[in-house]
Amino acid sequence: MKSALVIGASRGIGRQIALTLGENGYKVCVAAKTVQGSDKLPGSIEMVANEIRAKGGDAFVKKCDVRFEKELKDTVQECLHHFDRLDYAIYNAGAIAWKPVLETPLKQFDLMNEVNVRGAYIMIQEVLPHFLKQNSGKILLVCPPIYNRFFKGKTPYAVTKCGMTILVHGLANELKETGVSVTGLWPATVIESHVTTVQNLPTQYMRTAHIFADAVLKIGQEPTQRQVAFQKQSYNWLNGQALIDEDYLRSIGMNDFTKYRCDPLSEPPRMMPKQMPSLLVEEENEKLTKMMLNNTTKSMRICLLLTFFIIILSLLYFFMRVKCVVQFPPPISPEPPIVSTTPPLCPVPCDEKSNMDLCVEWRGCHKRTCSSLPWWGLVCDMESDWYTTDFNCKDRRMMGNWPVCFDNNLVPSSGCIVYSFGIDYDFRFDDAMAKVGCTVYSFDPSMMDKQDHKHAERVFFKRIGISDKDDDHYMPHIDDYVRRRKAPNGWSMKRLQSILDQLGHKKEQITVLKMDIEGYEWNVTQDLIDSSILQSIPQLLVEWHLFEDFPPRQEVPAAVDTYFAVKKIGFRMFANGGLYSVHCPTSSLKTQAEVAYVNTKLK
């Protein structure tokens, strides 16, 4: 029976890894800092071990605070002593803070370094001599493939997680001639965990931790040496790989991932690119190339030689033709050359069989010379604008799950009024704004089980929604979200000016307007611009959405015009996040982003 060490196993992904390994014949050392769970931080190593034992497995627990070298080393040694050997070492411990450099104190950055990179390094140093001695063993670190988009908005965190990935790639070179492998693994989608529970992330955006644990299990079950095409020798293919859970499971024959959905009706969006950049340079492949050539059959060598001579003869024939054309040019026609006035073709939308990123192709072509701008090209232009802020907020604070700018009395100490539309039972932003002295009105017409009430001190809930028209029986666009919130008589929807009248705020200034209203923001925003209400609001926080079927494709150009109209009236972006997009096939193109603006024309 094989044994495994799982560090960071008291809850979430680590807990599920330990349980899955235990259910599949591994003796498991459950290691983590939490010995006693609490309401704030549920789960403990003893609870996980008991779950394994209850199913007939063998589990050993060890308290391990990865910030301390001695505790990490003692954990590895006690695990070895208890099980007599170790076959699999998994480092799942992690510290996370998704914030830009200026918002990440050095103390927090040091903590992430200690827990993420340094802890993984200590574990590896301790298990590696044992693995090398037995000439077998697998090391797995929870770390991402390296690509540029991963850094955006969370550079300090990315430095530490990608440092783990560099450790995977670098150590792999030292393990090439051994039976030991080191592998990185990262989820393709958001995984249900303690963090997502605290943030109250909707279930349709997540998969369960079972998918990640199944990938960890299958990696542990992989033979160390796998036969690779064109090689007579087997190859330690896992060594140095930075894998993604879904892609790896697909590579070994799994195609149905519906069982991993947190919401049975919704396939969660993928947050990782489908194709990752290669970090290899040409000379790194020379040895493998030589092995492939040395193992090529004699007949293949003859074919290669014949192909080479045919290419040479073809080139000679071509250059002879060119020489003849240069020496004996054809007579010049007296007629003037015909100049084509037809505009160049725009890129063809990608389809199901193509891996082309539509927006990359669009941005790379001379799109402005096209005869007309396709709707999907306009979407790509809007997306490009999301990636760059154009206002430097010096006092930016995270208020729950949304950033707010406190520069120059943008949020006054008295008389501050906040309208928050589309809360979906999540009052984090609303509560945080109330704590700095604002009076907050929280709106959501879909919370059918709630009546108008006072949620907290200075936080008032209203079961109405914002729209571009007044309608007490509005029937919303049917999607998975709406299906779970049945409203046979429709929703109560009103224009902002009607809501201001109803609440007696017609002469008051709204300090911050926040909208997360699932695709309805386009018509609402245009109505706010046309009525000149938006021009009087200091800050706008909005999540822009384009779904596959909503708004309808024919309305997308108008939606993009609305987006840029917000900038034309003086709003400038000081923060962005939550960027997500699907660019292929074009029929499934969808995109969203959370954008925070300051009104620079407001006096």
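Aspartate 471 stands opposite methionine 493, a residue of β20. This is a predicted model, in which local features need pLDDT of at least 70, side-chain atom pairs count only at pLDDT 80 or more, and totals for chains, interfaces and linings use all residues. Residues are numbered from 1 along each chain as its sequence is written, and side-chain values use heavy atoms, with hydrogens and water left out. Helices (H or I, at least four residues) and strands (E, at least two) are DSSP runs, numbered from the N terminus.

The open sheet has 3 strands in the order β18-β20-β19, with mixed pairing. β18 (465–466) and β19 (471–474) are its edge strands, each pairing on one side only; two strands pair if DSSP finds at least two bridges between them. β19 and β20 (residues 491–494) run antiparallel and are joined by 2 bridges. Helix α15 (residues 496–503) lies across β18 and β20, at about 95° to β20. Such angles run from 0 to 180 degrees between N-to-C directions, and the axes are lines fitted to C-alpha atoms, for helices over the stretch in contact (heavy atoms within 4.5 Å).

## Helix α7

Helix α7 (residues 210–221) has 12 residues and reaches 16 Å from its first C-alpha to its last, close to the 16 Å expected at 1.5 Å a residue. The expected span is 1.5 Å times one less than the number of residues.

Because 9 of its 12 residues are buried, α7 is largely enclosed by the rest of the structure. Among the buried residues are Phe212, Asp214, Leu217 and Gly220. Buried means under 20% relative accessible area, exposed over 50%, and partly exposed in between (1.4 Å probe, protein chains only).

## Aspartate 87

Aspartate 87 lies in the loop between α3 (69–83) and β4 (88–91) and counts as buried, at 11% relative accessibility. Its side chain makes a polar contact of 2.5 Å with the side chain of arginine 85. A polar contact is a pair of N or O atoms within 3.5 Å; within protein, one must be able to donate a hydrogen and the other to accept it, and residues adjacent in sequence count only if both atoms are side-chain atoms.

A polar atom of the aspartate 87 side chain also lies 3.0 Å from the backbone nitrogen of serine 3. Leaving aside neighbours within four places in sequence, the contacts of aspartate 87 include Lys2, Phe131 and Lys138.

## Glutamate 46

Glutamate 46 lies in helix α2 (residues 45–54) and is partly exposed, with a relative accessible area of 33%. A polar contact of 3.0 Å joins its side chain to that of arginine 53.
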